Each structure stands twice: as C-alpha cells, then as structure tokens.
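I opened the model today to look up a few residues and the overall build. My notes follow in the order I checked things.

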Amino acid sequence: MSEPENTRRDGPLTLRDARLIGSSFTDVTLENSVFESANLADCRFEDVTLAGSLIRDGNLDRLELEDVSLRNAAIRNADITGMTLDGIPVTALLAAWRAKQG
C-alpha cells in the first residue's frame, strides 16, 4: 500500500555514496543529517533546515541553497565549485570571510 502524497518525513538523514544529481528539496527539516560522499551536483535546496548537519567528501558543484539554515553545519572536503547561497557564490563568501579574518 502506498503512502499518501502529503505524508511529511522530516528528520535526520544519513546518506552515504548517494547520487542525488539534479534533485530538489523544498520546505523540509533535515537537522543533524549526514551527507557523506554524496553527489549533490545541480541540486536545489529551498527553505530547508540543515542545522547541525555534516556534508563531507561530496560533490556540491552547482548546488543551490536558497533560504537555508546552516547553523552549526559543517562542509568538509567537498567540491563547492559553482555552489551558491541565496544566489551568491560560496567561494566569494569564503574569500570575503577569510579577508576579514586577516
């Protein structure tokens, strides 16, 4: 028996070696999730809570984040080429932050 379409399954996810290329996530809470060696290239996250999550060893090329909460989240050893946060390239945000740190 299939579940109703409007069933909401928010909560932590653990994804390892997942290929989610081109997927879209909208209006979900994924706090404390783990994305390890995940390919999130060309994905779009809109109005998503990723607070406390870990994204490690993944491909985030052209990942679009719009209205996303990243409080206490960590991105480690990931390709962020072309990744944007609210339309701003993440590489530019990091460069500005590093310059401010001195």
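Is Asn-39 buried or exposed? I looked it up: Asn-39 counts as buried, because its relative accessibility is 18%. The cut-offs I used are under 20% relative accessible area for buried, over 50% for exposed and partly exposed in between, with a 1.4 Å probe and protein chains only.

A note on the source: this is a predicted model, where local features need pLDDT of at least 70, side-chain atom pairs count only at pLDDT 80 or more, and totals for chains, interfaces and linings use all residues. Residues are numbered from 1 along each chain as its sequence is written, and side-chain values use heavy atoms, with hydrogens and water left out.

**Entry 1: Asn-39.** I placed Asn-39 in the loop between strand E3 (34–36) and strand E4 (44–46). Helices (H or I, at least four residues) and strands (E, at least two) are DSSP runs, numbered from the N terminus. The Asn-39 side chain reaches the backbone nitrogen of Ala-41 at 3.1 Å. I then listed contacts, meaning heavy atoms within 4.5 Å. Beyond its neighbours within four places in sequence, Asn-39 is in contact with Ala-18, Arg-19, Leu-20, Ile-21 and Asn-59.

**Entry 2: Asp-61.** Asp-61 sits in the loop between strand E5 (54–56) and strand E6 (64–66). I find Asp-61 buried, because its relative accessible area is 15%. Its side chain and that of Arg-62 are joined by a polar contact of 2.3 Å. A polar contact is a pair of N or O atoms within 3.5 Å; within protein, one must be able to donate a hydrogen and the other to accept it, and residues adjacent in sequence count only if both atoms are side-chain atoms. With neighbours within four places in sequence set aside, Asp-61 is in contact with Leu-40, Ala-41, Asp-42, Asp-79, Thr-81 and Gly-82.

**Entry 3: Asp-17.** I found Asp-17 in the loop between strand E1 (14–16) and strand E2 (24–26). Asp-17 counts as exposed, because its relative accessibility is 60%. Not counting residues up to four places away in sequence, Asp-17 touches Glu-36 and Ser-37. Asp-17 and Ser-37 are 20 residues apart in sequence, and their C-alpha atoms are 4.8 Å apart in space.

**Entry 4: Ala-74.** Ala-74 belongs to strand E7 (residues 74–76). At 18% relative accessibility, I count Ala-74 as buried. Ala-74 touches Ser-53, Leu-54 and Ile-55, not counting residues up to four places away in sequence. Val-34 is 40 residues from Ala-74 along the chain, and the two C-alpha atoms are separated by 9.8 Å.

**Entry 5: Leu-94.** I located Leu-94 in helix H1 (residues 90–101). Leu-94 counts as partly exposed, because its relative accessibility is 32%. From Leu-94 to Ser-24 I read 70 residues in sequence and 24 Å in space, C-alpha to C-alpha.

**Entry 6: the whole chain.** How many helices and strands does the protein chain have? I count 1 helix and 9 strands. From the N terminus on, the elements run β-β-β-β-β-β-β-β-β-α. The C-alpha trace spans about 60 × 25 × 20 Å along its principal axes. Of the 102 residues, 32% count as buried. Among contacts with a separation of 6 or more, 1% come from residues 24 or more positions apart.
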